[in-house]
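How do the parts of a protein chain meet, and what is found where they touch? The report below takes up that topic for the structure shown here.

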Amino acid sequence: MTTLSQFIPQHLENHHLPEGLGSVLEAIVAACVQINGQVRQGALAGILGEAGTGNVQGEDQKKLDVIANQLLINTLKTNPNVAGLASEEEDTFVACNENGGYLVLFDPLDGSSNIDVNISVGTIFSILAKPEGGLTTESFLQKGRDQAGSGYVLYGPQTQLVFTLKHGVFVFTLDEAGNFVQTLANPQVPAQTKEFAINMSNQRHWFAPMQQYIAELLAGDTGVRGKNYNMRWVASMVAEIHRILMRGGVFMYPQDARDPSKPGKLRLMYEANPLSLVLEQAGGASGNTVQAMLDIQPEGLHQRVAVVMGSREEVEYVGRLHRA
Ligand code: AHM
Ligand code: MG
């Protein structure tokens, strides 16, 4: 039984990674253990429901969105390695410690619509090395491939931590004493799948290639794909990506015809990029239908992006339909 505090120093040493990176990861996890405590209590702590506020993206905030955000900010600010942070729930970046070598971006509680109905939610995080010089928004606008590490904590039937420091993917489960214990190393996303995830209620807004793709999947063994597909939609991206990490699948949130200023619903910097790095490290693939997710040059902290990620052959198939 390897605990996270035993694993991290060993992993850093094996791969010649800086201690500061391990310390930042531990700080994020410490905040997530506190978030877990709040999520588990729900109505008992009076923390379900709306906060009565909105974020910069015009979304209503839940009380737990605000609490999770504050727990992460408070914990990261006290870590000397953290130079700055950016959050789904903060308009602009937050400066932390001048001498810190790392930046952290996070979605404090992803899957907000599921909080009040006791369905899995999660925290997503991305760790970047801080570039030289003063801290500006540009310091954060690094390609996903340049992340120093990323991961998520899934508050589901079990609370699990999944992360990568770019040397494989590791899965830890929170025990009753509050310690993360390693339960899996290097899960691999199968290259092929028979399972897809998309919000079908948006179908009438999709562009032609996505219409064609989903029609092919729905045709099952009577269509060109020659096999039957199953569908899942949790509406918590963390839970969908965890399912895909465990047994394969393809997850999509495409750009559609509704609002040209919004290329998709999900955010590049603290949703798509960190989860794409985890999946790529596990042999999966991820893109926006025309480009690999991790190669996109970010232009804004809250930039939205179309998402197709999961089993490699399926992601490549969707890409081919879009290029045809
Ligand atoms: P959130 O960060 O406000 O929770 O929004 C992101 C979530 C994802 O977890 C999920 O994949 C998607 O939004 C669900 O969208 P929909 O409401 O269209 O089902
Ligand atoms: Mg989110």
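The model is a predicted one, and the domain assignment of the protein chain gives domain 1, covering residues 4–185, and domain 2, covering residues 195–323. The C-alpha centres of domain 1 and domain 2 lie 23 Å apart, and the contact between the two involves 47 residues of domain 1 and 33 residues of domain 2. About 3000 Å² is buried between domain 1 and domain 2, with carbon and sulfur atoms giving 61% of that area. Of the area that domain 1 buries against domain 2, 21% is supplied by Leu 141, Arg 145 and Tyr 152, more than by any other three residues.

On the side of domain 1 that touches domain 2, at least two residues each come from several elements, including β5 (102–110), β6 (121–129), α4 (137–140) and β7 (149–155). The largest share of that side, 6 residues, is supplied by β7. Sorted by class, the side of domain 1 that touches domain 2 holds 18 nonpolar, 20 polar and 9 charged residues.

Salt bridges come next. Side chains of opposite charge can pair when their charged atoms come close. The count of salt bridges comes to 12, and the count between domain 1 and domain 2 is 3. Two salt bridges are set out in the table.

| Salt bridge | Closest N and O atoms |
|---|---|
| Glu 88 and Arg 267 | 3.4 Å apart |
| Glu 50 and Lys 62 | 2.9 Å apart |

Glu 50 lies in strand β1 (residues 50–54) and Lys 62 in strand β2 (residues 60–62), so this pair ties together parts that are 12 residues apart in sequence.

The last topic is a sheet. An open sheet of 5 strands runs in the order β12-β11-β13-β17-β15, and its pairing is mixed. At the edges stand β12 (230–231) and β15 (285–287), each with a single partner strand, so one side of each is left without a neighbour in the sheet. Strands of a sheet pair through backbone hydrogen bonds, either parallel or antiparallel. In this sheet, strand β13 (residues 250–253) pairs with strand β17 (residues 307–310) in the antiparallel sense over 4 bridges, and Met 252 stands opposite Val 308 in β17.

Note on methods. Residues numbered from 1 in each chain as written. Chains lettered and ligands numbered in written order. Predicted model: local features only at pLDDT ≥ 70, side-chain atom pairs only at ≥ 80, totals over all residues. Heavy atoms only, no water. Domains from an automatic or database assignment. Contact = heavy atoms within 4.5 Å. Buried area = accessible area lost by both parts, 1.4 Å probe. Salt bridge = Lys/Arg side-chain N within 4 Å of Asp/Glu carboxyl O. Nonpolar A, V, L, I, M, F, W, Y, C, P; charged D, E, K, R; others polar. Pairing = 2+ DSSP bridges.
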